[in-house]
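Biologist: I have a protein chain to discuss. Could you please bring up the structure, and then we will go through it?

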Amino acid sequence: MTVMVDIRSVHKSFGPLEVLKGIDLAVRTGEVTVILGPSGSGKSTLLRTINHLEKVDRGRISVDGSLVGYRRSGDKLYELREREILRQRTRIGFVFQNFNLFPHLTVLDNIVEAPVSALKRPRKDAVEAARALLDRVGLADKADAYPKQLSGGQQQRVAIARALALEPKLLLFDEPTSALDPELVGEVLDVIKDLAHQGTTMIVVTHEIGFAREVADTVVFMDDGRIVEQGAPGDVLDRPRHERTRSFLSKVL
């Protein structure tokens, strides 16, 4: 299998605080990588560097064979123009923990906006595709609703449909259920599981251990800006090698 995401020696600091301390990670096409770890371990920052929402200080990230946010000239890297970065992001879907839907747009228009504005697709085609995506996430009857009329779980499913509308090569999920009431978590995880079964390449930051055990091809445990342990779910979750992993799991299982 080819490598979809290749992260090499990535460092990131905010002022004097070093948040990522040399991250190396490879995600293969069609696989699901779940990232676990305590708050402040660098999980969300790592996710945001993958589509250049945060610039790395050192190291490099490639998605589908292309450097993210930079171009190489000789032995030097030069940051891409904003328009080129935005074009790259159309290949990398991002689902935020707080949905980030446009409150003034209907559900349908939230999904149609990016394909029409970023990819210049005819609106008729984008609307047809958006309705199919709403059906896929179980919200075909909510096309004309506004975000405030939906539950948190429904809003997150719309956010997933919106990310899929650009037909990305990669989907990133930043704690997609953390803002939801417990009874709504399942409906969102079911959609993500369905995407996994269809071979969508995904990186999911989450605290849902059961989901990681069921869906992940690789589980990564991060702490203090480093990858402490990674491997198959059965190895990391049931037979962790590192004391820090064991300590974390003992508190969340």
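Modeller: Please note that this is a predicted model. Residues 5-249 are 37% helix and 28% strand, and the end C-alpha atoms of that span lie 26 Å apart.

Biologist: Which UniProt annotation covers residues 5-249?

Modeller: The UniProt record, an unreviewed entry, gives "domain: ABC transporter" for residues 5-249.

Biologist: How is the protein chain divided into domains?

Modeller: There are two parts: domain 1 comprises 1-91 + 193-252, and domain 2 comprises 93-167. The C-alpha centres of domain 1 and domain 2 are 25 Å apart.

Biologist: How many residues are in contact between domain 1 and domain 2?

Modeller: On the domain 1 side, 10 residues are in contact with 9 residues of domain 2.

Biologist: And what area is buried there?

Modeller: About 700 Å² is buried between domain 1 and domain 2, and carbon and sulfur atoms give 64% of that area.

Biologist: Which helices supply at least two residues each to the side of domain 1 that touches domain 2?

Modeller: Those are helix H1 (43-50) and helix H6 (182-197). By class, the side of domain 1 that touches domain 2 has 4 charged, 3 polar and 3 nonpolar residues.

Biologist: How many residue pairs are in polar contact across the interface?

Modeller: The rule finds 1 residue pair in polar contact between domain 1 and domain 2, with both residues at pLDDT 80 or more.

Terms used:
Residues are numbered from 1 along each chain as its sequence is written. This is a predicted model: local features need pLDDT of at least 70, side-chain atom pairs count only at pLDDT 80 or more; totals for chains, interfaces and linings use all residues. Side-chain values use heavy atoms; hydrogens and water are left out. Domain bounds come from an automatic or database domain assignment. Contact means heavy atoms within 4.5 Å. Buried area is the accessible area (1.4 Å probe) that two parts lose on being put together, summed over both. A polar contact is a pair of N or O atoms within 3.5 Å; within protein, one must be able to donate a hydrogen and the other to accept it, and residues adjacent in sequence count only if both atoms are side-chain atoms. Helices (H or I, at least four residues) and strands (E, at least two) are DSSP runs, numbered from the N terminus. Ala, Val, Leu, Ile, Met, Phe, Trp, Tyr, Cys and Pro count as nonpolar, Asp, Glu, Lys and Arg as charged, and the others, Gly among them, as polar. UniProt positions are given in the numbering used here, feature names are shortened, and annotations may be inferred rather than shown by experiment.
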